[in-house]
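Visitor: Hi there! Could you walk me through this one?
Guide: Happy to, let's have a look together.

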Amino acid sequence: MKTYRDEAIVLRTQKLGEADRIITVLTRNNGLKRVVAKGVRRTSSKFGARLEPFTVVDAQFYLGRSLDVLTQVQTLRPYGLQIAQDYELYTRANVMVEIAERLSEEEAHPPMYLLLLGALHALANRRHGADLVMNSFILRAIAMSGWAPSFWDCAACGHPGPNTGFNVSVGGAVCDACRPPGSLAPSPEAMMLLGDLLSGDWASADASEPFARREASGLVAAWVQWHVERRIKSYSLIK
């Protein structure tokens, strides 16, 4: 069949010609897709507003030679509208979708889709602090891609934690014997928070101190940029 239907999250859009857009979406069953939405920039378009970033849609696609074409779309969850009204939520959501795009491929990967869906839901509905949601998503997405960090036992030798050092190239926590030059020395509170965000212990994460959250955010940023091997442009929006 030349058409297929799937649930998708809109990651970003870009102009194409005078009236069209290229829409990058993460689908539940078909992976990452870049598709053409024809005529959506016209005021008469029926579904242009449904293709805002962070929106969850039910979409129908037509197989094209180079890019597939979006032919029908229905909004399932208007997270884009909710998130765009708050700058803090908007900037964190941008980081999440950029990382999801970098880590996804054009093949089915439902766990990544569901992880992003849950994070956007938590962000839009303010279930937890915006930075907590973003950092939890990042850590889980990176772990899902094969680079699970250790925040307790030594990532090099397995020495039981807690350990006082942190090194992104080694894999997270490091003991005194394995600690390479230039390793960081995070506070125990920040390391505990990182473990909570990775495991999903929200009761403990929500009770964390502001200084631990700031420290944890810096470590997560260093972690993801090391493993993605490219600058995450959306981080520049976060003050």
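Visitor: Where does N94 sit?
Guide: N94 belongs to helix 2, which covers residues 87–103. Keep in mind that this is a predicted model.

Visitor: And is N94 buried or exposed?
Guide: N94 has a relative accessible area of 15%, and since buried means under 20%, N94 counts as buried.

Visitor: Which residues does N94 touch, leaving out those up to four places away in sequence?
Guide: With those set aside, N94 is in contact with F54, S234 and L237.

Visitor: Let's zoom out. How many helices and strands are there in the protein chain?
Guide: The protein chain has seven helices and seven strands. Their order along the sequence is β-β-β-β-β-α-α-α-α-β-β-α-α-α.

Visitor: How much of the chain is buried?
Guide: Of the 239 residues, 47% count as buried. The accessible surface comes to about 12,000 Å², and carbon and sulfur atoms account for 51% of that.

Visitor: What share of the contacts between residues at least 6 apart join residues at least 24 apart?
Guide: In the protein chain that share is 54%.

Visitor: Last one: how many charged side chains, positive and negative?
Guide: There are 27 positive and 24 negative side chains, and the centres of the two sets are 11 Å apart.

Key
Residues numbered from 1 in each chain as written. Predicted model: local features only at pLDDT ≥ 70, side-chain atom pairs only at ≥ 80, totals over all residues. Heavy atoms only, no water. Helix = DSSP H or I, 4+ residues; strand = E, 2+ residues; numbered from the N terminus. Buried < 20%, exposed > 50% of the residue type's maximum accessible area, 1.4 Å probe, protein only. Contact = heavy atoms within 4.5 Å. Areas by Shrake-Rupley, 256 points an atom, 1.4 Å probe, with all protein chains shown as cover. Lys, Arg positive; Asp, Glu negative; His and termini not counted. Charge placed at Lys NZ, Arg CZ, Asp CG, Glu CD.
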